[in-house]
Amino acid sequence: MNNDRTTRRPTSARESAEALFKAPAPVTPAPVSKRAVVPGAKEVVTLRIDSEVLAHFQDGGPGWQDRINAVLRKALPAPADEGLGPDELNSSNDG
């Protein structure tokens, strides 16, 4: 006969009551999925930049946020699979 109380069925009222109040099994949180990226969508962010940098872009007037975005986009690494550019296309590339 097994004396382990966790594997056998409670026989007394006290054991039955205590079995009801046992800690629940830990719940594993569902993995957080990344939000779908919509091409061309912009997000509102808070960004800390030097005041001189901000003044430079704001001195150009309205559209300073778009200008900052354009500079940051140019700083991104080039995609690995760009294919042939327009100046590289000619009849010798037809196969």
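This is a predicted model: local features need pLDDT of at least 70, side-chain atom pairs count only at pLDDT 80 or more; totals for chains, interfaces and linings use all residues.

User: What lines the largest pocket, and which residues lie nearest its centre?

Analyst: The lining of the largest pocket comes to 20 residues, and K42, E43, V44, V45 and N69 lie nearest the centre. By class, that lining splits into 12 nonpolar, three polar and five charged residues. The volume of the largest pocket is about 830 Å³.

User: What is the secondary structure of the protein?

Analyst: Three helices and zero strands, so the pattern along the sequence reads α-α-α.

User: What makes the E18 and R14 contact a salt bridge?

Analyst: The cut-off is a side-chain nitrogen of Lys or Arg within 4 Å of a carboxyl oxygen of Asp or Glu. The side chains of E18 and R14 meet at 3.1 Å, N to O, so the pair qualifies as a salt bridge. Both residues sit in helix α1, four residues apart, which is about one turn of the helix.

User: Why is R14 called exposed, and why is E18 called partly exposed?

Analyst: Exposed needs over 50% relative accessible area, and partly exposed runs from there down to the 20% limit for buried. R14 has 62%, so R14 is exposed. E18 comes in at 42%, so E18 counts as partly exposed.

User: How many salt bridges are there by this rule?

Analyst: The count is two. Besides E18 and R14, the side chains of K42 and D66 meet at 3.1 Å, N to O. K42 lies in the loop between α1 and α2 while D66 is in helix α3 (residues 64-75), so this pair ties together parts that are 24 residues apart in sequence. On accessibility, K42 has 63% and therefore counts as exposed, whereas D66 has 46% and is therefore partly exposed.

User: What makes V45, L47, I49, V53 and L72 a nonpolar patch?

Analyst: A patch residue needs over 30% relative accessible area and no salt bridge, and nonpolar side chains are joined within 5 Å. Take I49, found in the loop between α1 (13-20) and α2 (51-58). Together the five have about 450 Å² of accessible area.

User: And what share of the protein counts as buried?

Analyst: Of the 95 residues, 4% count as buried, which means that share falls under 20% relative accessible area. The protein exposes about 9700 Å², with carbon and sulfur atoms supplying 57% of that area.

Methods: Residues are numbered from 1 along each chain as its sequence is written. Side-chain values use heavy atoms; hydrogens and water are left out. On a 1 Å grid over the protein atoms alone, a cavity is a set of points where a 1.4 Å probe fits but cannot get out, and a pocket is an open set with protein on both sides within 12 Å along at least five of seven lines; lining residues have an atom within 4 Å of a point. Grid points are joined across faces, edges and corners, and a volume is the space filled by probe spheres set on the points. Ala, Val, Leu, Ile, Met, Phe, Trp, Tyr, Cys and Pro count as nonpolar, Asp, Glu, Lys and Arg as charged, and the others, Gly among them, as polar. Helices (H or I, at least four residues) and strands (E, at least two) are DSSP runs, numbered from the N terminus. Buried means under 20% relative accessible area, exposed over 50%, partly exposed in between (1.4 Å probe, protein chains only). Accessible areas come from the Shrake-Rupley method with a 1.4 Å probe; for residues, only the protein chains shown count as cover. Patches are made of residues with over 30% relative accessible area and no salt bridge: like charges are joined within 9 Å, nonpolar side chains (Val, Leu, Ile, Met, Phe, Trp, Tyr) within 5 Å.
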